[in-house]
Amino acid sequence: MQKQENKKISIIGLGYVGLPLALLAERKGFSVCGIDIDTKKIIELSKGGVPFIDQEIERHLAKAENISFSTDFSPVAESSIVIICVPTPVHENHIPDLRPVIGASKGVAAHLKKGQLVILESTVNPGVCENVVLPILEKISGLHAGIDFHLAHCPERINPGDKKWNVENINRVVGSTSEEGLARTVAFYESITTGTVKRMSTIKAAEAVKVVENSFRDINIAFVNELARSFTKLGIDVVEVIDGAATKPFAFMAHYPGCGVGGHCIPVDPYYLIEYAKQNGFEHDFLALARRINNNMPHFTVERLQSGLNEIKRSFKGTVVAVLGVSYKPNIDDCRQSPSFDIIRILKEREADVRVFDPFVLSKSTHTSIESALCGATAVIITTGHSVFKELTPADFVKNGVKVVVDGRNCLQKEKFIEAGIIYKGIGR
Ligand code: SAJ
């Protein structure tokens, strides 16, 4: 007989993953307590404010009646299910940083009760649930996994800004250290989502799914980024070729070159697998090479600008360069691991006079409008494909005296810029 959950759940970590999940569970009839160590965030949420730009979340939060927010972990004791959704970044040296997961596990463990189900949604490499989270939960609570409480993993699949796939309809995979944990976790996600919920044979297999799906994306982006560098020498438009290859309805999945790979998933998750495999005696040469290729795209982008400045016999020193875009992908305000920061750093090292504008990230912009950023600039680098940048015409640049445009996201109409006499440099075209 399936244990009847008491409909109370705690969600630890209220970012892009935890907050949509908390609001979905509330809409599906659960009594939810959102827990986060960020006091400012909890105060804002308690007043109905959303700590990042997302109209959908704002709408759901305004209507939510059975949700509360807390900075301390004591509500965990009343919950039948506790879900950990904290970040899993990497250190500067690309070594996984599990401190948020460890901190959250300790917070949960201090209030863990018999019969509870703990689910980790954070993206981790295989082995973290059993070798890091489980020992903390057992040691601090004195309870035994698989007997007194259950531990499961259901990797998050939130895609910020995605209009089609969301927390309510995306398919999930689940693994657990016990049959009861698996059954309860599957039942929970089947009760709140319309997507499929796939049972994995082990919790390690569930952990491996997420790092594999995101490594898949990283290597495919590295493939087209390498093609972009090669085709620049060959004088072939790589975007045209990719679009040509994409007419093949099977065995090809289009990815596109750009000025770099940002975000909290794609440039991070492969390192979790690389490091774990290394600890177990295997070197992921291919994954590591893909990371090197993608990490080098900001340099390549600045080389493209160098090539354009050479045509007008200008050096970087003292040249006004406007960088349009800070967030790591279009029309959102998330700038974690954004390649824009590398490009800005390299330009400053080359002593260019750098301006920055991103309408979604004004806090990191030096200018407050496109016009003010372009006025008097000799060169522009588009680093984020925001819709508002895609709409820019050659006239917007010519009237401000811009001579060189580096299209870091291949989002402008190349031919029109060339016709207008602007030196256009794309990534692979
Ligand atoms: N990028 C490229 N070329 C591409 C695709 C992306 O250069 O063809 C760059 C983007 O500009 C960005 C970075 O890679 O800087 C990451 O882009 P992303 O579209 O992968 O966005 P993310 O990081 O939000 O990835 C999420 C992931 N979702 C989860 O981890 C749950 C990823 O698994 C999804 O595949 C991805 O969204 C998606 O498909 O949009």
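I started with Lys28, which counts as partly exposed because its relative accessibility is 33%. My scale here: buried is under 20% relative accessible area, exposed is over 50%, and partly exposed lies in between (1.4 Å probe, protein chains only). This is a predicted model, so I keep to pLDDT of at least 70 for local features and to pLDDT 80 or more for side-chain atom pairs, while totals for chains, interfaces and linings use all residues. Residues are numbered from 1 along each chain as its sequence is written, and side-chain values use heavy atoms, with hydrogens and water left out.

Which side chain does Lys28 meet in a salt bridge? I found Glu168, at 3.0 Å from N to O. For a salt bridge I want a side-chain nitrogen of Lys or Arg within 4 Å of a carboxyl oxygen of Asp or Glu. The pair links distant parts of the chain, 140 residues apart. Glu168 is in the loop between strand 6 (150-153) and strand 7 (172-176), and Lys28 is in the loop between helix 1 (18-27) and strand 2 (31-35). Helices (H or I, at least four residues) and strands (E, at least two) are DSSP runs, numbered from the N terminus. Glu168 is partly exposed too, at a relative accessible area of 25%.

**Other salt bridges**

I searched the whole structure and got 21 salt bridges. One of them pairs the side chains of Asp97 and Arg99, 2.8 Å from N to O. I noted how the two ends sit: Asp97 is buried at 7% relative accessibility, whereas Arg99 is exposed at 57%.

Next I looked at Arg345, which forms a salt bridge with Asp342, the closest N and O atoms being 3.4 Å apart. Both are in helix 12 (residues 339-349), and because they are three residues apart there, about one helical turn separates them. An α-helix has 3.6 residues a turn, so residues three or four places apart point the same way. Arg345 is partly exposed, with a relative accessible area of 38%, and Asp342 is partly exposed at 30%.

**Two domains**

I checked the domain assignment of the protein chain, which gives domain 1 (8-203) and domain 2 (236-429); such bounds come from an automatic or database assignment.

The area buried between domain 1 and domain 2 is about 1,500 Å², and carbon and sulfur atoms give 61% of that. Buried area is the accessible area (1.4 Å probe) that two parts lose on being put together, summed over both.

I looked for salt bridges across the interface of domain 1 and domain 2 and the rule found zero. For polar contacts across this interface the rule gave six residue pairs, both residues at pLDDT 80 or more. A polar contact is a pair of N or O atoms within 3.5 Å; within protein, one must be able to donate a hydrogen and the other to accept it, and residues adjacent in sequence count only if both atoms are side-chain atoms.

**Helix 9**

Helix 9 (residues 269-279) is mostly covered, with nine of its eleven residues buried. I listed the buried ones, among them Asp269, Tyr272 and Glu275. What covers them includes helix 7 (203-234) and helix 10 (285-295). Just after helix 9, I saw that Gly281 takes a positive phi of about 90 degrees.

Is Asn410 buried or exposed? I have Asn410 as buried, because its relative accessibility is 13%. Asn410 lies in the loop between strand 12 (404-407) and helix 16 (414-419). A polar atom of the Asn410 side chain lies 2.9 Å from the backbone nitrogen of Ile427. Leaving aside neighbours within four places in sequence, Asn410 is in contact with residues including Val239, Pro257 and Tyr424.

Cys411 is in the loop between strand 12 and helix 16, and I have Cys411 as buried at 14% relative accessibility. Leaving aside neighbours within four places in sequence, Cys411 is in contact with Ile382, Gly385, Lys390 and Arg429.

Terms used
Contact means heavy atoms within 4.5 Å.
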